[in-house]
Amino acid sequence: MKAIVQDTYGLPEVLRLEEIERPVPGRGEVLVRVHAAAVDMGVWHLMAGMPYLVRAMGFGLRAPKTRVPGMDVAGRVEAVGADVTRFRPGDEVYGSCNGSFAEYACAKEGRLAHKPGNLDFEQAAAVPVSACTALQAVRGGRLQAGQTVLVIGASGGVGTFAVQLAKAFGAHVTGVCSTAKADLVRSIGADEVIDYTREDPTDGTRRYDLVLDIAGNRSLSRLRRALTPRGTLVIVGGEEGGRWIGGNDRQLRALLLSPFVGQRLRGLVAMEKHADLKILGELLEAGSVTPVIDRTYPLAQVPDAISYLMAGHARGKVVVRVQ
């Protein structure tokens, strides 16, 4: 089968298209004929091996343990391993796995769900990693109907889902993005939009019950200024914290500080789960949430797709068409 492979960490130039052996599903695994995949910041971190903390987390110190990158997946079940009870060959599924930039990939049963009937494969591939992250961030904020939410990084893959999910749960949502992306954020339901090039969303003039920090690397003290006295901060991302631990130092400091202040401060380590994919599937089929896709690239152009994402121009998700 055709697959994107890498043998060293580095920039997108380390990726190449090769013919490799088709994987065989093990116990509890599902072999998926991949129709579409998607690109997100996690793919970049694992490709580059940056920050170095990623390598120490079991992904390979000197070279990636998994040669085929890619996590988001949508496709049709080709075969199932022992003890798989939820799926059978022919089922259309979506979810996450290790190695989705290939014609076939194996996924754990618990990280898949049946594909929403109203989505095509490319739309479905845009959902798993980013929407599960957004759902768990909103849920971690204990959001209640009528509360106010500030989404920093509202135009990206996670942000576009976070805006829609917070609206679906009855919140008043303010999205933060650049001038060029303001119309997009309004179009997906944000009640208000702050252009960060003209206004500082954390200057303390407005306060929110929940702040979702998805983009940028604002300090904890600045983010706390945007919270109500009993508000909640969930740090989802942060890409400017250095080569060793990236933006993860803010998440650690938030965890340490939270017991001593009135506000709840926490980081997020998201995981794609069958139960969350089912919840998202219901919201997608009801039309409460819609994937926002910027561009679609063929499998051979995965390096270009990653470069486009890293340039910061993407509006929503960047998708890879495989079949």
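Me: How far apart are the C-alpha centres of domain 1 and domain 2?
Reply: In this predicted model, the C-alpha centres of domain 1 and domain 2 lie 26 Å apart; the domain assignment, whose bounds come from an automatic or database source, gives domain 1 as 2–129 + 280–321 and domain 2 as 130–267. Residues are numbered from 1 along each chain as its sequence is written. Local features need pLDDT of at least 70 and side-chain atom pairs pLDDT 80 or more, while totals for chains, interfaces and linings use all residues, and side-chain values use heavy atoms, with hydrogens and water left out.

Me: How much area do domain 1 and domain 2 bury between them?
Reply: About 1,900 Å², with 61% of it on carbon and sulfur atoms, where buried area is the accessible area (1.4 Å probe) that two parts lose on being put together, summed over both.

Me: And how many salt bridges are there between domain 1 and domain 2?
Reply: The count is zero, taking a salt bridge as a side-chain nitrogen of Lys or Arg within 4 Å of a carboxyl oxygen of Asp or Glu.

Me: Switching topic, where does Gly-26 lie?
Reply: Gly-26 is in the loop that runs between β2 (16–19) and β3 (29–39), the strands being DSSP runs of E with at least two residues, numbered from the N terminus.

Me: Why does Gly-26 count as partly exposed?
Reply: Because its relative accessibility is 27%, and partly exposed covers what falls between buried (under 20%) and exposed (over 50%), with a 1.4 Å probe and protein chains only.

Me: What is Gly-26 in contact with, neighbours within four places aside?
Reply: Gly-26 is in contact (heavy atoms within 4.5 Å) with Gly-81 and Ala-82.

How values were computed:
Helix = DSSP H or I, 4+ residues; strand = E, 2+ residues; numbered from the N terminus.
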